[in-house]
Each structure stands twice: as C-alpha cells, then as structure tokens.
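Welcome! Here is a friendly briefing to read with the structure open beside you. Take the topics in any order you like.

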Amino acid sequence: METEEDQSGLMVDEIYANGGAVTNDGSNRQRPIINGEQLDVEAYASLYSGRTKIVRLLFIADRCDNVSMQLEALRMAYEEIKKGENSQLFREVVQKICGRLGPNYEMDSAWAYAVDRRAEQRKERLENELNAYRTNLIKESIRMGYNDFGDFYYAHGQLGEALKNYVRTRDYCTTAKHIIHMCLNVILASIEMGQFTHVLSYVTKAEQALDSFDNATAAKLCCAAGLAHLEAKKYKLAARKFLEVGQELANEYNEVIAPQDVATYGGLCALASFDRAELKSKVIDNVNFRNFLELVPEIRELIQDFYTSRYASCFGYLENLKTNLLLDIHLHDHVETLYNQIRNKALIQYTHPFVSVDLHMMANAFKTNVAGLEKELEALITENEIQARIDSHNKILYARHADQRNATFQRVLQTGREFDRDVKAMLLRTSLLKYEYNHRSRKH
C-alpha cells in the first residue's frame with residue numbers, strides 16, 4: 001500500500017496490523033475477544049424495577065429461541081407480577097407459561113380475584129376523594145388526587161388512563177417541583193406506551209423548571225431524551241444525550257433504564273454517527289462517560305478498537321454482543337442499522353489515508369472475503385461515500401483525488417474574468433458620469 005501523507009503514519013501502521021494490536025517490539029499480538037455467552041436473565045432483570053422489569057422479561061421470552069431462557073424469563077415475570085397489582089398482565093403470563101413450569105406457576109384465581117376486588121374498592125375511594133377536593137377547590141389536593149389516580153391506573157397496567165390523569169395534574173401544579181414530578185410521570189407512562197413525541201415535549205418542559213443543582217433529575221431527563229431520539233433513529237442526537245448523563249443517575253432511574261444501557265446505547269450511537277475527532281473528544285476522553293463504559297467492558301474495548309483501527313477485534317466484539325442486543329426492548333429495531341453504519345464508517349476510515357489498497361489485505365483486516373468486500377465498497381462508491389475506483393482484475397482499490405493544480409488554475413482564471421468584467425463596468429460608469437449622460441424617458 002502507498003501512503004498519501006506522512007502524517008497518516010501512525011494510523012496506517014495500526015491499520016496495517018489487520019486487526020491485531022502492535023506491541024512496542026513491533027510484533028503483532030492478537031487481542032483476546034470475549035466469547036459470546038448466553039444472557040444471564042436473572043442478572044439482567046436485577047438491573048431494573050417496576051413495570052419495565054416485567055416487560056423486558058416478557059420481551060426476552062417472546063424473542064429468544066432458547067427454551068430454558070424463555071421459561072426462566074417467564075418464571076421471573078410471574079413472580080414479579082405477583083408483587084404488584086396487574087391482574088390482566090398476570091393472566092397473559094400464565095397463558096404464555098401454559099403449564100410448562102409446574103403447578104406453582106399456574107393460574108392463581110384467588111390472587112387475581114383479591115387484586116381485582118381491592119382495585120374496585122380503591123378506585124371508588126379515590127373517586128370520592130377527588131370529587132370532594134374538586135368541590136372544595138383545593139388546588140394541591142386536586143393535583144394529588146389526579147396523581148393518585150395516575151399511579152393507580154399505572155399499577156394496574158392501564159397506561160392510557162394513567163397518562164390522562166398525570167397530564168391533568170398540570171393545571172394544578174404550583175411549584176417547579178410539582179411540574180418536574182408531573183413531567184417525569186408523563187415521561188414514564190409515555191415511554192411504556194411507546195409515545196416518544198410526548199417524551200421530548202415533557203423533557204423540554206421539565207428542563208425549563210429544573211433547578212441547576214438537581215443533577216439526578218437532569219440525568220433522568222437526558223436518558224429519556226436519548227431514548228426518544230434513538231426511537232426516531234436520530235442516532236447522533238441520541239448519542240449526545242446519553243453522553244451528557246451524569247454519574248448521579250446511578251440506579252435512580254431503573255424503572256426505565258440501567259447505567260449499563262447508557263453505556264451501550266450511547267457507545268453504539270456514537271460509533272455510528274460521530275466522526276473520528278468527535279469519537280476521541282466526546283467519548284474516549286470523556287471522563288464522565290468512561291465511568292459508564294467501565295460497567296460494560298465489551299463496549300469500551302470495541303470503541304477503543306474502532307478508534308485505533310483494529311477492525312477485526314472491533315467487529316468480533318460487535319458480533320458477540322449482537323444476540324443479546326437483539327433481546328433489548330429499546331435497541332432491537334436499531335441493531336442492524338447501527339451495525340451497518342459502523343461497518344461503513346470503518347471501511348471509509350480504512351481507505352481514507354491511502355492512494356491504493358490491496359483488497360486481499362483489506363478483506364483480511366475485516367475478516368471477510370474479497371468478493372463480499374468488493375460489493376460493500378461498490379455500494380459506498382456509488383453513494384459517493386468513498387471517492388475511488390476498483391481494479392477488479394488485480395483486486396486493488398485506487399483512490400480518486402481531485403487535481404488540485406488544475407482546480408487552482410481554473411479558480412484563478414475565473415477570478416480574472418470576474419475582475420475584467422468589473423473593471424469594464426466601472427469604466428463605463430465613469431464615462432457616463434464624465435459626459436453627464438442622463439437617460440430620460442420621453443413623455444408621450
């Protein structure tokens with residue numbers, strides 16, 4: 001390979017290693033890749049609480065091909081639901097289990113009846129209390145009444161009704177704290193319902209009322225906005241929001257997201273959308289985000305590998321993570337798109353410093369075959385992402401670089417023509433003024 005610029009030396013050397021790390025003595029050492037393992041459902045579920053824990057378990061049960069993982073997820077969902085009051089979801093889980101977990105995980109009609117009975121009594125009491133508050137016109141009590149109704153419906157899985165009641169508290173909020181509480185409730189219900197346009201709207205409202213010292217709430221809002229941008233496939237905006245999440249988040253928002261998710265979502269979105277300089281300054285050198293990356297070493301390593309051009313190792317990590325990422329309730333729809341964007345960026349980054357590239361060596365660096373690599377490069381050339389041409393016979397990629405000398409001459413000639421035109425226009429104007437020529441339209 002021929003290098004185009006001497007400044008590219010370090011990057012070229014790392015790329016030339018074809019996926020291996022280069023040690024100080026110049027030897028090529030393959031970096032170990034963590035083997036893909038079956039998702040530990042129990043450890044995964046322990047990161048979350050509330051409704052999202054149950055929904056994530058059910059999502060795994062629906063999407064996973066491994067029967068033992070399915071049953072483990074359903075067993076945990078069954079036990080978690082019985083700690084709450086959502087009898088409808090309980091019936092659905094029992095139906096999914098279909099007797100496969102034995103007599104201890106069958107339909108508990110007595111429990112479901114008791115929950116429904118308590119729900120009717122509580123709903124009646126809440127209605128009476130709210131009517132009394134509205135009669136007395138006590139704003140704070142009305143706000144709390146609607147909020148209690150929202151919590152009641154949320155606990156019983158009636159998210160639409162919960163959202164309506166949370167929104168109704170808005171007219172009775174009298175302090176910034178009330179506004180933020182209302183916004184967080186609406187955001188929570190909206191995320192569960194998948195209505196992410198509401199999420200961004202209420203994140204903005206909450207940020208306007210936010211105290212500059214309330215870092216924990218700010219971190220929650222960044223997470224919510226990040227999820228909304230991720231859902232809209234605005235990966236760069238999503239990455240920026242996840243990178244802004246402060247350490248104050250900890251486990252404060254595990255009814256929506258875990259710190260490990262912040263690292264995974266933020267890291268993958270950044271890889272797919274940031275350029276090399278942004279990746280270094282906003283991700284790798286970001287001390288705050290580095291603490292999140294420590295929770296998911298695979299993401300940390302693949303980002304480092306991508307930046308240092310160890311592509312074989314980077315894509316090894318990505319391949320091992322893929323199965324588990326497809327079981328993530330927020331990320332599963334975006335895995336293929338993100339992976340394709342990351343791979344395309346890697347191909348572009350690999351070819352950039354060179355005048356010519358041997359496709360055999362490049363295929364080896366990306367752990368693929370020459371025919372497959374050629375098709376990928378053809379697509380990127382067609383989309384004008386790579387300015388190059390392929391010698392299919394000799395399997396060499398030649399970069400197409402603009403003729404800077406010719407372009408400079410053309411610009412000089414154009415500037416000369418413009419100068420000549422301007423000088424002629426000024427001379428004409430001077431002559432007209434000299435002879436005091438004025439054009440007057442004739443009156444008819």
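Helix α10 (residues 196-209) packs against α11 at an angle of about 150°, and their axes are 9 Å apart. Because angles over 145 degrees count as roughly antiparallel, α10 and α11 are roughly antiparallel to each other. Please keep in mind that this is a predicted model.

**How α10 meets α11**

- The crossing of α10 past α11 is left-handed.
- On the α10 side, the contact is made by Phe196, Val199, Leu200, Val203, Ala206 and Glu207.
- On the α11 side, Leu221, Ala224, Ala225, Leu227, Ala228, His229 and Glu231 take part.
- Sorted by class, the contact of α10 with α11 has ten nonpolar residues, one polar residue and two charged ones.

**How α9 meets α11**

- Helix α9 (residues 176-193) also packs with helix α11 (residues 215-231), here at an angle of about 30° and with the axes 11 Å apart.
- Angles under 35 degrees count as roughly parallel, so α9 is roughly parallel to α11.
- The crossing of α9 past α11 is left-handed.
- From α9, the residues in this contact are Ile180, Leu184, Ile187 and Ile191.
- From α11, they are Thr217, Lys220, Leu221, Ala224 and Leu227.
- The contact of α9 with α11 is made up of seven nonpolar residues, one polar residue and one charged residue.
- An α-helix has 3.6 residues a turn, so residues three or four places apart point the same way.

**Helix α3**

- Helix α3 covers residues 50-63, and its 14 residues should span 20 Å at 1.5 Å a residue.
- Is α3 mostly covered or mostly open? It is mostly covered, with ten of its 14 residues buried.
- The buried residues of α3 are Arg51, Thr52, Lys53, Ile54, Arg56, Leu57, Leu58, Phe59, Ile60 and Ala61.

- You will find histidine 330 in the loop between α17 and α18 (335-351).
- Histidine 330 counts as buried because its relative accessibility is 11%, and buried means under 20%.
- Leaving out residues up to four places away in sequence, histidine 330 touches Arg56, Ile191, Phe196, Leu227, Leu230, Val256 and Tyr265.
- Among these partners of histidine 330 is Arg56, one of the buried residues of α3.

- Most residues other than glycine have a negative phi.
- Alanine 250 is not a glycine, yet its phi is positive, at about 45°.
- Alanine 250 sits in the loop between α12 (235-244) and α13 (259-273), and at 40% relative accessibility it counts as partly exposed.
- Serine 309 is not a glycine either, and its phi is positive at about 65°.
- Serine 309 belongs to the loop between α16 (297-307) and α17 (311-325), and at 1% relative accessibility it counts as buried.

**Glutamine 387**

- Where is glutamine 387? Look in the loop between α20 (370-382) and β5 (388-391).
- With a relative accessibility of 43%, glutamine 387 counts as partly exposed.
- Glutamine 387 is in contact with Ala399 and Arg400, leaving aside neighbours within four places in sequence.
- Glutamine 387 and threonine 351 are 36 residues apart along the chain, and their C-alpha atoms are separated by 9.6 Å.

Terms used:
Residues are numbered from 1 along each chain as its sequence is written. This is a predicted model: local features need pLDDT of at least 70, side-chain atom pairs count only at pLDDT 80 or more; totals for chains, interfaces and linings use all residues. Side-chain values use heavy atoms; hydrogens and water are left out. Helices (H or I, at least four residues) and strands (E, at least two) are DSSP runs, numbered from the N terminus. The expected span of a helix is 1.5 Å times one less than its number of residues. Buried means under 20% relative accessible area, exposed over 50%, partly exposed in between (1.4 Å probe, protein chains only). Axes are lines fitted to C-alpha atoms, for helices over the stretch in contact, and angles run from 0 to 180 degrees between N-to-C directions. Angles under 35 degrees count as roughly parallel, over 145 as roughly antiparallel, 65 to 115 as roughly perpendicular and the rest as oblique. A crossing is left-handed if the near helix is turned anticlockwise from the far one by less than a right angle, and right-handed if clockwise. Contact means heavy atoms within 4.5 Å. Ala, Val, Leu, Ile, Met, Phe, Trp, Tyr, Cys and Pro count as nonpolar, Asp, Glu, Lys and Arg as charged, and the others, Gly among them, as polar.
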